[in-house]
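Trainee: I am new to this structure. Please take me closely through a single part, and then through what else you can show me.

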Amino acid sequence: MGDSNSFLKTPRAPGAKKRKGRYFTKGRQLDPQSLVEVRTVLKNQPLHKDLAIEHLHRLQDTFGHLKKRHLVALASEMHMALAEIYEIATFYHNFKVAESDEDTPKLTVKVCDSLTCEMAGSAVLAKELAENFGKEIEISHGACMGRCDKAPVVRIKDHYVLNATLTKTADELKAYSSNSIKMASDHTSYQEYKEQGGFASLNNLYSGALSSEEILTKLRDTNHRGLGGAGFPHHLKIQSVLSVPGPRLMAVNADESEPGTFKDRYYMNNNPYQFLEGMLIAAELVEADEIYIFLRDEYSDTAEILKEALAQIKIMGLTKNRTIYLRRGAGAYICGEESAMLESLEGKRALPRHKPPFPSQVGLFGKPTLINNVETLYWLPEIIVKDPSWYSKSGRHGATGYRTFSLSGPVNKPGVYRTPAGITASELIEEFGGGMKEGYIFKAYLPGGASGGALPAAMADIPMDFGTLEPHGCFIGSAAVIVLSDKDNLKDVARNLMRFFEDESCGQCTPCRAGTEKALLLMKEDSWDTDLLVELSDVMRDASICGLGQAAPNGFMSLLKHFPEELK
Amino acid sequence: MTEGISFSLDGKDVTARTGQSIWEIAKENGTQIPHLCHTDRPSFQADGNCRACMVEIEGERVLAASCMRQPSPGMVVNTASKRAEKSRKMVMELLAADQPERQTSLNPKSHFWKMADITEVSSSRFPNREMPREDLSHPAMAVNLDACINCNLCVRACRDVQVNDVIGMAGRGVHSKIVFDFDDPMGDSTCVACGECVQACPTGALLEKNMIKAPAIDRKVASVCPFCGVGCQLTYNVKDDKIISVDGRDGPANQERLCVKGRFGFDYIHNPERLTMPLIRKEGIAKHDVAGLDPANPFTHFREATWEEALDVTAQGLLKIKDQTGPRSLAGFGSAKGSNEEAYLFQKLVRTGFGTNNVDHCTRLCHASSVAALLETVGSGAVSAPFNEAKNSDVIIVIGANPSVNHPVAATFFKNAIKAGTKLIIIDPRRQSLSRHATFSLQEKPGSDVALLNSIMHVIIEEGLTNTDYIKNHTENYSTLKEHLKDYSPEAMAAKTGIDPDTVRQVARLYATADAALIFWGMGISQHVHGTDNSRCLISLSLMTGQVGRPGTGLHPLRGQNNVQGASDVALIPMFLPDYQSVEDPEIRARFETIWDAQIDPERGLTVVEITEAIHEDKIHGMYIMGENPAMSDPNVTHAREALSKLDLLVVQDLFLTETAAYADVILPASAWPEKVGTVTNTNRQVQMGRAAVPLPGDARQDYWIIQEIAKRMGLNWNYSHPKEIFAELTSVMESIRGISWERLETEDAVTYPCSNEGDPGQPIIFGDGFPTASGRGTFVPASLVSPDEVPDKEFPIVLTTGRLLEHWHTGSMTRRSEILDAVEPEPIMQMPPAMFETLGIIPGDFVTVRSRRGKLDIRARADGAVQKGMVFIPFCFAEAAANVLTNDALDPYGKIAEVKFCAVQISKQATV
C-alpha cells in the first residue's frame, strides 16, 4: 500500500501541451485605470444603448480620439459587447479609434472635397497643407460641411476656415492652438421672435383657439411638402403617423448633408425659435411624447444656439413637458435617409432599414414616428399665421409657393435664397446670385446637390420644383443648386460625385457598396467603359436598398446624356 | 387561422401564408431564386443586403429583395424579368470581381460559387481591389476575408442566433469588414468557437480548418451530441472512416446550433491513446504505482489479453468475491455518457448478476439532491418544462448555474428570449458571460442560497404576491412554510447573503408578478451539504407563485451529462428500479423479479461516496466501472483513489487508460459515442437517437456486448443481438416511455416523454393539472439555514469552488484528447480575482500552491474578474492539478451529493523551484 502522497499522483495527464495556457479571460481585458477614466467622463450619465454615440463623442472630446482601452471600459459600463461598440466607433467619419496610447493620432484637419469646394480649389489646398504641416498634422478629407457659399472650407476640430487659403488656414491653426477662436452667433432672440408674433400659433394650438384640423387644412391647401428632399405632402405624413395608436415620437432631421445644401443651417442659425415653434406644433399635432433632434456634427455653432434656445423654451413653458433630446451626429451622409437616422438615434450604425414598414408606422424604438426636416418645420408658423393667398400668390411657371435654394459655385453671390417656387436656374443665378463670376461661363448645373443629376446651361430654363425636373432625369431634392462653369472638367465632376457616394455608402447592400467602388475604379481610367458604367448604373438604381445607392449614378448618367463627348 | 394571400407569381396565381416571403413562396413553387445573404435555416432572419434575389413587382419603381418582401393581395411578381435577372447577375459579377480564383480558392464548392453557376457568372468585367490577409490564429477556424462578400450571415450567426456577440461589421462602405471584437485576431478574441459562423458562411471566408479545399465527404451520419445534457442533434461528416467535421442539425433542443465541443471536439475518438485491446495488470505491479504510467504506452504496467481471457478473469473474479464475501461486497459504477440501453443493461447486471443494488453513477455528483427534493415535493424528478420554454417566459431565473459554459446551446435560447424582452435574474457567486444580459445579477456569498431564497419568499408573502388560488388548489403544507419564513426578511439575511434588501425585494416582485416565470438551476444549487434544501426552496418559490405547469413557467434543473436523465430513469441508481420505483417496495420488486427472472436485493444499495467509504471499511472488494472516472471526479479524491487501490478486483471499461483505469486489474476497451447506436435522454426529457458513424478501432467492442459477455459468464441467460432489443425491453417495463418505439425514434429522431402510446406526441410541459404525488398536490418543505460543512477560518481563509470549463467535459478524459479543445484550454489554471494577485505578489500565469485540509496542488493562476473576493475557482478536469484533491466529501443527507462547490483553502505563492 502506498503512502497517501502517492495518491496525489496520476498517470501522465492527457493533453498534448502544444500551446501555452491562457492567464487571462478570453479577449481584451478591462483595466481598472481605463474604467476610472471612462467613469469620470461619463459622470452620472445614463447608460442606455441608444446613448453609445453620445458617449463616444464625450470620450473623443476629452481625449482627442477613442482609445481601445477606453472602448473596452465603455462596453463594460454599457453592458455591450466589444464588437457592438467597435462597429459604431468605426462606422462614423468623425470618430477616430487609436490602438494604444503610443499610437495617439495627430490633430486632424479636414479639407472639404465635395463638389463646390473641389471646384474652388480644395484639392490643391489639401496638397499645400500636407506639404507645409504634414509632419505635425494629419490632413484628411471631409464631406460637405454645409458652408458651400464660402468654399473652400477647412475644418479644425469644431472650427471652420471659410474661403480657406494656405495662409488663412495657417493663421487659424495658430489661433486654434491658443484657443482664441470665437464662434459668432447673431440670431433672432427669443424676445425678438416673440415680439414679431412668434409662438402665437403654438399657444393657440395649446389653448384650443386653433384646432389641429385647421392646421392640417392649411397644410393641405398650401400643398406644404417635406423639404428634406423627398417632397412628401406634410399633412399626409402627419395623418399617417396619427393613424397608428400611440405612444408616438418625433424626430427632426437636422443632418442636412447633401453636398451644396446649407439652408437648414441658415434657418437654425438665423431664427432658431421659428424652427422650434414649428417643431412643437408638429409634435402637438401627432401627440409625440418625445422629440429627438438629430443635428449634424459639423454644425457645432448651431448646436450651441439650439441648446440655449431649447433651454429658453423650456423655461417659458412652451414644451408642454415634452422631453426634447438634442443628439449629435458623428459624420455620416446616410443619416439624411430617415430610417438610417433612426438607427443612429438608437445608437447604432446608420444602416437604412428595409421598407415597408415605414417609420410613420414603425419608427424610432419601434414606435410610430413623425420625421421632419428642419425647413419643413420652419415654415409651419408662417403658413399658419399668414393668409393663404400670401403663399398661393407666389410662384412662377405654374408653380405656387416658395422654395429655399442653396446656391453655390462660381456665381457672384452664393448663398441661401428664398425664391418663388418654380424658378429656373438661370433666373436664380441672375436675379439672386448676381450672375456668373467674371471669367466664368455658365456650363451646367446640378439642381439637387450630388444626387439630383445635372443639366446643361442650355436647359437652365426649366422650372425647378418637385416633379418638373424628373422628365429630364433630374430632381430638385434639397434644392441645392451647384453651378458649373467652362473651367470644370466634367469627368472630374462625375468622379467627384461618385467618390462622394463611395465614401458615404453605408456598405449594407452590394449594388451600392461594390457598385460605387467599382464605378469609381472604372472612372479612374483615362478612357471610360461607358457601356459597362451604364449597365452598372441601371442596377444600382434598380437594386440598391435606399436612395443613396439609387441616386449615386445620377450625376454620371446625366452628364453622359448631355455631354457624351466629354465623358469618353 | 389567417386567410391566404393570393397574388401572381410568374403568371401563376399562388397563395401565401401570412409572414411568408416571396422567396419562400417561389421556393415552394419550385423556383430557386439565387440567394447569398439569405438562408432559410432556423433562427436566421432575412437581411436583404446582397441583392442577389431581386424580383420585379409590377407598378413599383425599383426591384424588391424577394427574401424580405412579403406579397400583398393582387401583387404581380415576376422573378424572371430581364430587369431582375440583369440585377441579380450584376450583383454576382460585382462580388466575383474580388473573389479569389475559384480553382485555387479554399472552398471551390461554396454556396457562392453554386449561385454563380446558377446565374451563369464565372468571371467579372470589373477591376478588383486589395483584400484583407488571412487570419489563422484560431486553432479550429481559418479566416480568409478575401472571400468575404459582406453578407452579414456570420454576424447574424454570432449575434442573433448564438448571441455570443463577438463578430461585428466594422467600418463603412467598401471598407466595411468582418471583425472579431476590436478587429483582433480571431484566436485572441472573445470567440467561444461555437462555429455557428463557419456553418453559416456561404463563401469559405470563415471555414473549419479541416474543411479547407472542400474535402470530399464519404457519408453524413445523423446523430446527437454526447457532450452535455442539452442534447444537440448533429450530422457527422465522415471521410475515410474519420469524422472530419460536424454540422448542427435541426433537433428540438438545438435547432441546428452547436457549441465548441459538439462542433470541434470529436477527434478524441481518433486519438492514438485509444485503448484497442483488453489489458490485464502485470504480475507484481503495485496498484498505487501510477506515477510512471503513460496512457499512450501502458505496457509498463499492463499486458495485452484476449477478450476471452479478460472476460473470464472479470467474471470469475467477480463470482469469487460474491461467493466469499457476499453480493453486497460488489459494486458497479455505470455511466451517464453511454446510452439508455447500456445503462439499463449495466444496472440489470449488477442487480441480477452481482445480486446487489450497489450501482450508481455520476448523478451522485450532479443533481441527485435536486431529484430528491423534486420527488419529495412534486413527485417527479425530471424537469417540468423544456429549456426552450424560456421564449414564453417573462422572467427567467438562472441560479447556481453557468449555462454559457456548461449548457452553451441552452444559453443561446435564453439570450434569444432576453433579446425579445424576457427579463433575466442571475443568482450566483461568480459573474458569467450571461451577466451582461441580466436585469438583476445577484453575486451572493457562496453557500448562502437558502438564506437568499427564503428572503425572496419572505418578501413575496409579506407583500401579498403569492398566488392564493394556486396554493389552495394545488399544494399542501403552506402554513408551515409561511410560519417558517417569518424570520427570513431580506434585512435579516443581508449579512449572510451579501445582497442588499432592496434588490432582494425587487427580484421577489419581478418573479412573483411575472405572467410566466421559469427557474433554471445547476450544480451551484445541488453540490452542497444543503443541496436538497436549496432545491426545496426553489420548488416552494415556484409553487407559492403558481409559476409552474403553464407555458413559460416551471422548474428546470439543467442536467449535466448527455444521458444523466436517461441513466437515472432506467435505474442506474441504488434506490430505484426503472421509472423511480422503489427497490424496497416488495410489490415493485416482485414484478421486476418476474420480468428479469432473478432475485433482487430487498435493500437499497450504496451511493458513490458511500461505496468509497465501504471499500475503506473492507465491506466492498470488487468493482466494475464503465465509463466513470472516480479517481478524478470524486470529492477528496486521494481518499477515493486509495479505495480503488485497495480493491481485490477492479474492472474498468473505458476508451482511454483513465486515472481510474490506472488502478484496474482488467481494462476493457470500449466504444465511443460516434461508434455506437443507441438512445439518450436530454435535460428536456427528449429521448433521442444516436447513430454509429465510424467503426470501432482495433479490438475495441460495443459496451452492451461487453456487459452481456460478463453477464453470460456470471450465469445469466442473456441474448441481445442489437440495442433495439434492449430498448424494447425498456419500453415494456417503463410507463413513462411506453409510447416511444425504436422505429419511431428512427424516423422522428426525438420524442418527449411522458409518452403513453405510439401516437402520443409527448408532454413537454407537465404539472398542468396537479402533481404525481399521493395527494395530487405539491408539498412545501421549509428549509432552515445550514452552514457549509467547512467554513473558511484563519488557516484556510479562501473559499474554493469547482466546476467545468467550456472546452472540457467532466474529467477531461475525452476533451483533453481533442486537438482543438486541448489547444484552447491546454493546462490547469485557477481562476482568481485580480485583486488577489497583488496581495500574493504574483502576476497572472505564476504558480500558486493551494492547500486544503485534504491535500495540496500547484497550479497557475488566471486573472478573472468574474470571481468574487475571497474566492477561487478550479476546474476539475485537469489530472495534473486535480481540484478534487482539495474538495470536501461531506454529503448532503438526502441526495448524498458531496459539497464540491465549497471548501476552505489557503493559497500561497509557490516557493521558487
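Predicted model: local features only at pLDDT ≥ 70, side-chain atom pairs only at ≥ 80, totals over all residues.

Mentor: Set aside the neighbours within four places in sequence: Ser535(B) then touches Ser369(B), Ser370(B), Ala373(B), Trp521(B) and Ile525(B). Its place is in helix H18 of chain B, which covers residues 531-545. Is Ser535(B) buried or exposed? It is buried, because its relative accessible area is 0%, and the cut-off for buried is under 20%.

Stay in chain B for a pair of helices. Helix H4 takes in residues 153-161 of chain B, and helix H11 takes in residues 408-419. Their axes come within 9 Å and cross at roughly 85°. H4(B) and H11(B) are therefore roughly perpendicular to each other, since that word covers angles from 65 to 115 degrees. Which residues meet there? From H4(B) come Arg159(B), Asp160(B) and Val161(B). From H11(B) come Thr412(B), Asn416(B) and Lys419(B). By class, the contact of H4(B) with H11(B) holds three charged residues, two polar and one nonpolar.

Now move to chain A for another pair. Helix H9 spans residues 200-207 of chain A, and helix H13 spans residues 272-285. The axes come within 9 Å here too, and cross at roughly 20°. That makes H9(A) roughly parallel to H13(A), because angles under 35 degrees count as such. The crossing of H9(A) and H13(A) is left-handed. On the H9(A) side, the contact is made by Ala200(A), Ser201(A), Leu202(A), Leu205(A) and Tyr206(A). On the H13(A) side, Glu277(A), Leu280(A), Ile281(A), Glu284(A) and Leu285(A) take part. Sorted by class, the contact of H9(A) with H13(A) has seven nonpolar residues, two charged and one polar.

Finish with a sheet, still in chain A. Four strands form it, in the order S4-S3-S5-S6. The sheet is open, and its pairing is mixed. Which strands lie at the edges? They are S4 (137-142) and S6 (159-161) of chain A, each of which pairs on one side only. From one strand to the next, the twist averages 25°. Look at one pairing in detail. Strand S3 of chain A, residues 107-112, runs parallel to S4(A), and six bridges join the two. Take Leu107(A) as an example: its bridge partner in S4(A) is Ile137(A).

Terms used
Residues numbered from 1 in each chain as written. Chains lettered and ligands numbered in written order. Heavy atoms only, no water. Axes fitted to C-alpha atoms, helices over the stretch in contact; angles between N-to-C directions. Parallel < 35°, antiparallel > 145°, perpendicular 65-115°, else oblique. Left-handed = near helix turned anticlockwise from the far one by under 90°. Contact = heavy atoms within 4.5 Å. Nonpolar A, V, L, I, M, F, W, Y, C, P; charged D, E, K, R; others polar. Buried < 20%, exposed > 50% of the residue type's maximum accessible area, 1.4 Å probe, protein only. Pairing = 2+ DSSP bridges.
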